[in-house]
Amino acid sequence: MIKNKFAVAAVAGLVLTAPALAEARDQIRIVGSSTVFPFSTAVAENFGRSTSFKTPVVESTGSGGGIKLFCAGVGTEHPDITNASRRMKKSEFETCTKNGITVTEVKVGYDGIVMANAKSAPQFDLTKKQIFLALAKQVPVDGKLVANPYTNWNQIDSSLPNEKIEVLGPPPTSGTRDAFVELVMEEAAKEFPEIEALDKAGFKQVAHALREDGAFVEAGENDNLIVQKLEANPVALGIFGFSFLDQNADKLHGSIVEGVAPEFENIASGDYGVSRSLYFYVKQEHAGTIPGIREYVAEFTSEKAWGEDGYLVEKGLIPLPDADRKAMHDAANGFAPLSM
């Protein structure tokens, strides 16, 4: 009854009183990025142990899927916070705004995107151009764009293994997929005159289209399942965030890309060229009504959590520089509204 009443009130543009909303749900609900998931889970568990609030429920839905759920509306049936391994798009922000949502953006740190395989097989050493030729749906051959003909890595470059190309990667709803396409596929596509000569729409179509013939396999948002598959097939590669590689360093090693290994120091310094920012977004309309949202934000942005010696760094988070961290802490805890 309360839930239905709230939904009607939200549609009508009314404000439901805090007690009614709190009575309807007394536990924070978080959705979004599988990359941010372990960080958010660690904060949620620590928050549940150290405060009187219930431990938040954290779901791994992918960045795009999480933002879609988050922006769908105000009310107990919608999540309070969404994690993202890319920045919210303007179109998504406009959907949020249209649905009566005031968004606070929190950049939490950095993460590298890695291609990794089982330690029982040799480590790959790749360039972005080689990765593009392995994974793009269309590639240049003799000056023309054709369906990707490469089945083995050594067909692309004789220095690469004579092994079948098989890469397990995230689905289109994933922020990791978005960032991989932008930081690897788009960058590499610019190196081919045949693709660079296309108009903007044509370039995007070629640069963003991944193979559908089995060489690239959409493995969903379950990174643990990818590890199992990589162990079963040691020459297959998986695409995911550095933090996940860091947590599975006993089983996997990351590929060297453009001569740089995916290591904490290389990502923090900017030397590793496949890295991105991580975020979470808070629904201001739920803060102060769903219990604990403000306190959860305070926990996540505390030095004991995201600082240089914080417990999130132990899980693979690359922290923001000191000045940026201080500024983001103040903006987050002041619930500064996002504008685009």
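A residue is called buried when its relative accessible area is under 20%, exposed when that area is over 50%, and partly exposed in between, as computed with a 1.4 Å probe on protein chains only. By this criterion Val206, with a relative accessibility of 6%, counts as buried. The structure described here is a predicted model, in which local features need a pLDDT of at least 70 and side-chain atom pairs count only at pLDDT 80 or more, while totals for chains, interfaces and linings use all residues. Residues are numbered from 1 along each chain as its sequence is written, and side-chain values use heavy atoms, with hydrogens and water left out.

The predictor's confidence in each residue is expressed as pLDDT, on a scale from 0 to 100. The protein chain has an average pLDDT of 90, and 92% of the residues score at least 70. Over residues 1-23, however, the pLDDT is below 50, although this stretch has 22 contacts in the model beyond near neighbours in sequence, a contact being defined by heavy atoms within 4.5 Å.

Helices (H or I, at least four residues) and strands (E, at least two) are taken as DSSP runs and numbered from the N terminus. Val206 is part of helix α9, which covers residues 200-208. When its neighbours within four places in sequence are left aside, Val206 is in contact with Phe132, Gln138, Leu145, Ile195 and Leu198. Gln138 in turn stands opposite Ala147 in strand β7. Strands β6 (residues 138-141) and β7 (residues 144-147) run antiparallel and are joined by four bridges, where pairing requires that DSSP finds at least two bridges between two strands. The two strands form a hairpin with two residues between them, and Asp142 in the turn has a positive phi of about 55 degrees.

Side chains of opposite charge can pair when their charged atoms come close. With a salt bridge defined as a side-chain nitrogen of Lys or Arg within 4 Å of a carboxyl oxygen of Asp or Glu, a search of the whole structure finds 15 of them. One of these joins the side chains of Lys137 and Glu212, at 3.4 Å from N to O. This pair links distant parts of the chain, 75 residues apart, since Lys137 lies in the loop between α6 (128-135) and β6, and Glu212 in the loop between α9 and β9 (216-218). Lys137 is partly exposed, with a relative accessible area of 40%, whereas Glu212 is exposed at 67%.

A further salt bridge is formed by Glu218 and Arg177, whose closest N and O atoms are 3.5 Å apart. Because Glu218 belongs to strand β9 and Arg177 to helix α7 (residues 175-189), the pair ties together parts that are 41 residues apart in sequence. Glu218 is partly exposed, with a relative accessible area of 45%, but Arg177 counts as buried at 11% relative accessibility. In the salt bridge between Glu187 and Lys190, the closest N and O atoms are 3.3 Å apart; Glu187 counts as partly exposed at 36% relative accessibility, and Lys190 likewise counts as partly exposed, at 43%.

Arg86, Glu92 and Asp178 are linked in a network of salt bridges. Arg86 is also among the residues touched by Ser277, together with Ser85, Lys107, Gly109 and Tyr110, not counting residues up to four places away in sequence. Ser277 is found in strand β13, which comprises residues 275-283, and is buried, with a relative accessible area of 15%.
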